[in-house]
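Please consider the model shown below with its sequence.

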Amino acid sequence: MNNRLYDPWDDAALLAARGRSPLNRLVVVLGAEAWCSKCRDFKPVFEQAARHAPPKDLLVWLDLEDHADFLGGYLPQDLPELLIYRNTELVQRAVLEDVRHFEALLAAPEQQFPAEVVPQIADLLMQRDWCVGKS
């Protein structure tokens, strides 16, 4: 089940189980493929990164339109936005500029961010039943 892009609906139970481990990282990109050209260009890069990611990294793409209810109306200042969590703690946040920037952020030291900066995406993804009734 490693080396792939995780689907927030189909893989909800797996994300909940594996995401709570302090050994794993949840790597989320927020994008909008319908109207953001940077997002359309970056999504295949992110999918490729998922295929080569170490088993400890759980890569998830959240589309602002497809996952609007889940994101609770949160709109990043720019797209695509990278959020990296260790357990449910946000440890990296940035707007992605290009592939090298993405790779550098994956390797960068972890930071601490105030909880109110972004919606509690990790908390929601780690609830085993968050997607019940959604399609």
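This is a predicted model: local features need pLDDT of at least 70, side-chain atom pairs count only at pLDDT 80 or more; totals for chains, interfaces and linings use all residues.

Residues are numbered from 1 along each chain as its sequence is written, and side-chain values use heavy atoms, with hydrogens and water left out.

The protein contains five helices and five strands; these are DSSP runs numbered from the N terminus, with helices being H or I of at least four residues and strands being E of at least two. Read from the N terminus, the order of elements is β-α-β-α-β-α-β-β-α-α. Of the 135 residues in the protein, 43% are buried, where buried means under 20% relative accessible area, exposed means over 50%, and partly exposed lies in between (1.4 Å probe, protein chains only). Contact is defined by heavy atoms within 4.5 Å. Among contacts between residues at least 6 apart in sequence, 67% join residues at least 24 apart. The accessible surface comes to about 7,000 Å², and carbon and sulfur atoms account for 52% of this area; accessible areas come from the Shrake-Rupley method with a 1.4 Å probe, and for residues only the protein chains shown count as cover.

Leaving aside residues up to four places away in sequence, Val 28 touches Val 60, Leu 62, Glu 81, Leu 82, Leu 83, Tyr 85, Ile 121 and Leu 125. Val 28 and Ala 122 are 94 residues apart in sequence, yet their C-alpha atoms are 8.9 Å apart in space. Leu 30 also lies in strand 2 and is buried, with a relative accessible area of 0%. With residues up to four places away in sequence again not counted, the contacts of Leu 30 include Leu 62, Leu 64, Leu 71, Tyr 74, Pro 76 and Ile 121. Leu 79 is another residue that Leu 30 touches; the two are 49 residues apart in sequence and 7.0 Å apart from C-alpha to C-alpha.

Helix 1 (residues 12-19) has Ala 12, Leu 15, Ala 16, Arg 18 and Gly 19 as buried residues. These buried residues pack against strand 1 (5-6), strand 2, strand 3 and helix 5 (121-125). In helix 5 itself, Leu 124 has a relative accessible area of 27% and is therefore partly exposed. Leu 124 and Leu 71 are 53 residues apart in sequence, with a C-alpha to C-alpha distance of 9.3 Å.

The structure holds four aromatic pairs. Rings of Phe, Tyr and Trp (its six-membered ring) pair if their centres lie within 6.5 Å; planes under 30 degrees apart count as stacked, over 60 as edge-to-face and the rest as tilted. The ring centres of Phe 46 and Trp 61 are 6.0 Å apart and their planes stand at 55 degrees, so this pair is tilted. The pair links distant parts of the chain, with Phe 46 in helix 2 (residues 37-52) and Trp 61 in strand 3 (residues 57-63), 15 residues apart. Both Phe 46 and Trp 61 are buried. Phe 46 also pairs with Phe 102: the ring centres are 5.7 Å apart and the planes are at 70 degrees, so the pair is edge-to-face. Here helix 2, which holds Phe 46, is linked to helix 4 (residues 99-107), which holds Phe 102, across 56 residues. Phe 42, Phe 46, Trp 61 and Phe 102 form one aromatic cluster.

Which residues line the largest cavity? Its lining consists of Arg 25, Ile 84, Val 91, Gln 92, Leu 105, Ala 108, Pro 109 and Glu 110. The space within the largest cavity is about 40 Å³. A cavity is a set of points, on a 1 Å grid over the protein atoms alone, where a 1.4 Å probe fits but cannot get out, and lining residues have an atom within 4 Å of a point. Grid points are joined across faces, edges and corners, and a volume is the space filled by probe spheres set on the points.

Two backbone features remain. Most residues other than glycine have a negative phi, and most peptide bonds are trans. A cis peptide bond joins Leu 79 and Pro 80, with omega about -15 degrees. Pro 80 is placed in the loop between helix 3 (68-71) and strand 4 (81-86). Asn 87, a residue other than glycine, has a positive phi near 60 degrees. Asn 87 occupies the loop between strand 4 and strand 5 (89-95) and is partly exposed, with a relative accessible area of 28%.

How values were computed: On a 1 Å grid over the protein atoms alone, a cavity is a set of points where a 1.4 Å probe fits but cannot get out, and a pocket is an open set with protein on both sides within 12 Å along at least five of seven lines; lining residues have an atom within 4 Å of a point.
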